Amino acid sequence: MADARSKNVYFAKLAEQAERYDEMADHMEEVGKSGEDLTVEERNLLSVAYKNAVGSRRAAWRIITSVEEKEKGKGNDENASFAKEYCGKVEKELQKICDTILELLDKKLIPKTPSGESNVFYVKMKADYCRYIAEFTSGDTKQQAAQDAKTAYGDATKVAEKDLVVTHPIRLGLALNYSVFMYEVLNQPDEACKMARTAFEDAIAELDNVGEESYKDSTLIMQLLRDNLTLWTSDQGPEESAQ
């Protein structure tokens with residue numbers, strides 16, 4: 001008979017196929033709480049679950065805030081207030097998801113992985129969810145989330161530079177998301193371009209040494225880095241690619 005852990009993993013896989021990502025996240029939260037190290041497959045399932053659960057709401061938040069601004073511009077104050085009220089509902093959902101995964105990372109997952117690939121994976125994940133909080137909040141809350149994200153991205157980068165090769169997909173993904181954070185949240189376009197360009201050029205120089213198992217993932221993220229650089233150095237609007 002399957003134990004609770006393997007049953008939760010199986011349910012998470014079923015939920016992913018059914019695109020029921022909130023339930024997928026619930027099952028992977030239980031796996032993460034078990035106190036045991038996650039396998040690479042389990043780690044990736046956790047990431048996919050929360051990325052999709054939060055992703056649909058980030059997209060909804062952007063749409064609703066855009067509608068609110070348009071209603072304000074038209075002078076439709078009542079409709080603008082309705083949009084703001086609805087936006088608040090989405091923000092509560094976003095906050096709950098982010099708080100749940102951040103607690104799991106801080107209390108269970110990061111303490112068990114002081115270095116190496118898993119540490120970079122989890123600390124990058126922490127930084128990403130702090131960044132998401134900074135996107136939809138304001139004032140002191142936004143400032144604290146941005147500072148927490150900056151610290152986590154910095155910590156993950158130190159470990160990545162020590163333990164992971166420049167073509168490793170996790171190291172490249174970290175550079176991608178950290179540079180987007182610099183551009184979007186910190187409003188540091190020069191630093192964002194510098195980070196993305198360095199990551200891209202360093203990886204290009206070592207591309208011949210990339211293993212077959214990670215070549216596809218590495219080159220995909222390199223393409224996203226290059227897309228962002230093209231965007232940031234042109235006159236187009238900020239529609240950055242991130243993982």
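The model is predicted, so local features need pLDDT of at least 70 and side-chain atom pairs count only at pLDDT 80 or more, while totals for chains, interfaces and linings use all residues. Residues are numbered from 1 along each chain as its sequence is written, and side-chain values use heavy atoms, with hydrogens and water left out.

**Exercise 1.** Find where Glu-135 and Arg-58 lie, and state whether each is buried or exposed.

Solution. 
1. Glu-135 and Arg-58 form a salt bridge, with 2.8 Å from N to O. A salt bridge is a side-chain nitrogen of Lys or Arg within 4 Å of a carboxyl oxygen of Asp or Glu.
2. Glu-135 belongs to helix 5 (residues 116–136) and Arg-58 to helix 3 (residues 40–74), so the bridge ties together parts 77 residues apart in sequence. Helices are DSSP runs of H or I with at least four residues, numbered from the N terminus.
3. Glu-135 is buried at 18% relative accessible area, and Arg-58 is buried at 16%. Buried means under 20% relative accessible area, exposed over 50%, and partly exposed in between (1.4 Å probe, protein chains only).

**Exercise 2.** Describe the salt bridge between Glu-93 and Lys-89, and name the network that includes Arg-58.

Solution. 
1. The closest N and O atoms of Glu-93 and Lys-89 are 3.2 Å apart.
2. Both residues lie in helix 4 (residues 77–109), 4 residues apart, so about one helical turn separates Glu-93 from Lys-89.
3. Glu-93 is partly exposed at 28%, and Lys-89 is partly exposed at 46%.
4. As for the network, salt bridges with shared partners join Arg-58, Lys-124, Asp-128, Arg-131 and Glu-135.

How values were computed. Helix = DSSP H or I, 4+ residues; strand = E, 2+ residues; numbered from the N terminus.
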